[in-house]
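Here is a walk through one structure, taken a part at a time. Have the sequence and the 3D view open while reading.

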Amino acid sequence: MKKCAYLGPCGSYSHLAAVKMCGGAELMPYGNFHSVMRAVEAGDCDCAVIPIENSLNGGVLQNIDLLQTASGVVAVEDMTLPLDHRLATLKGANYGGISRIYSHEQPLAQCGEYLVNNFSAAQLIATSSTAASLDMVKSFSDAAIVGAHVKREGIVLSDENISDGKNNFTHFLLVRRGEIDETVRSSKIYFSVTCAHSSGALLDILEPMRAGGLNMTKIQSRPIKDKAGEYRFFIEVEGDYSEKTVRKVLKRVQNSAKSFKLLGAY
């Protein structure tokens with residue numbers, strides 16, 4: 001049976017995504033995203049499920065960087081998961097007595113307006129995952145932000161979604177070791193590029209996509225470590241990587257760039 005790494009423990013949003021994307025595999029929880037990606041690189045797991053973008057917070061920057069630096073790891077499938085954040089407390093707790101709220105940094109940010117309006121004096125404490133935050137709820141002063149799917153004896157969830165945006169979604173990628181299979185059809189292609197620090201350099205990279213009819217669905221810049229003022233662009237386009245014409249367009253993009261890395265086709 002294949003092994004799939006995810007940010008654990010059981011009950012995290014990554015676990016929920018892993019169940020949906022590779023439910024037939026043996027699901028292996030890890031304590032942080034570095035360990036998740038390292039497990040795939042080292043061959044300890046065959047694949048991993050990682051969040052890459054949230055509709056409220058934007059890109060999950062750590063995972064974008066990890067996918068860029070990972071050796072021989074590519075994204076082969078994607079999924080959009082709706083998020084339903086709930087405030088978890090001990091049964092019998094009074095919201096007025098809550099002084100500490102635990103969760104992963106993403107839900108803490110995604111529920112920022114709710115937390116300011118209702119718990120402005122509470123200490124917000126980041127944990128490795130939403131599921132891990134539940135272990136920190138030990139007294140009536142403690143609360144956690146977890147998914148509505150989480151169930152635990154003695155824990156009560158808020159009646160409503162506390163996210164700042166009720167239509168809150170996270171885009172997950174299934175990544176594995178190897179290269180993109182040119183025979184497998186795809187709807188989107190994800191890659192990164194760098195360009196010269198000169199006028200029109202980015203346009204030179206984008207022009208082949210326009211001429212080749214590839215619709216760009218996303219572009220994001222990230223600073224290049226140890227190179228102040230220089231940036232790498234992460235781009236997603238609609239396209240079938242199995243088509244030779246599409247690969248020719250990407251080749252022209254690569255020829256116009258200082259560096260090019262194919263991150264996935266799904």
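Rings of Phe, Tyr and Trp, the last by its six-membered ring, count as a pair if their centres lie within 6.5 Å. By this rule, the predicted model has three aromatic pairs. In one of them, the ring centres of Tyr114 and Phe119 are 6.1 Å apart and the planes meet at 55°, so this pair is classed as tilted. Planes under 30 degrees apart would be stacked, and those over 60 edge-to-face. Tyr114 and Phe119 also belong to one aromatic cluster together with Tyr95. Phe119 has a relative accessibility of 6% and therefore counts as buried, the limit being under 20%.

Next come two helices that pack together. Two packed helices are described by the angle between their axes and the distance between the axes. For α7, residues 201-212, and α8, residues 244-256, the angle is about 165° and the axes are 8 Å apart. Because angles over 145 degrees count as roughly antiparallel, α7 is roughly antiparallel to α8. The two helices, α7 and α8, cross in a right-handed sense. On the α7 side, the contact involves Asp204, Ile205, Pro208, Met209 and Gly212, which meet Val249, Arg252, Val253 and Ser256 of α8. Sorted by class, the residues in this contact are five nonpolar, two polar and two charged.

A last stop is helix α6, residues 130-134, which contains Ala132. With 18% relative accessibility, Ala132 counts as buried. Between the C-alpha atoms of Ala132 and His149 the separation is 14 Å, and along the chain these residues are 17 residues apart.

Note on methods
Residues numbered from 1 in each chain as written. Predicted model: local features only at pLDDT ≥ 70, side-chain atom pairs only at ≥ 80, totals over all residues. Heavy atoms only, no water. Axes fitted to C-alpha atoms, helices over the stretch in contact; angles between N-to-C directions. Helix = DSSP H or I, 4+ residues; strand = E, 2+ residues; numbered from the N terminus. Parallel < 35°, antiparallel > 145°, perpendicular 65-115°, else oblique. Left-handed = near helix turned anticlockwise from the far one by under 90°. Contact = heavy atoms within 4.5 Å. Nonpolar A, V, L, I, M, F, W, Y, C, P; charged D, E, K, R; others polar. Buried < 20%, exposed > 50% of the residue type's maximum accessible area, 1.4 Å probe, protein only.
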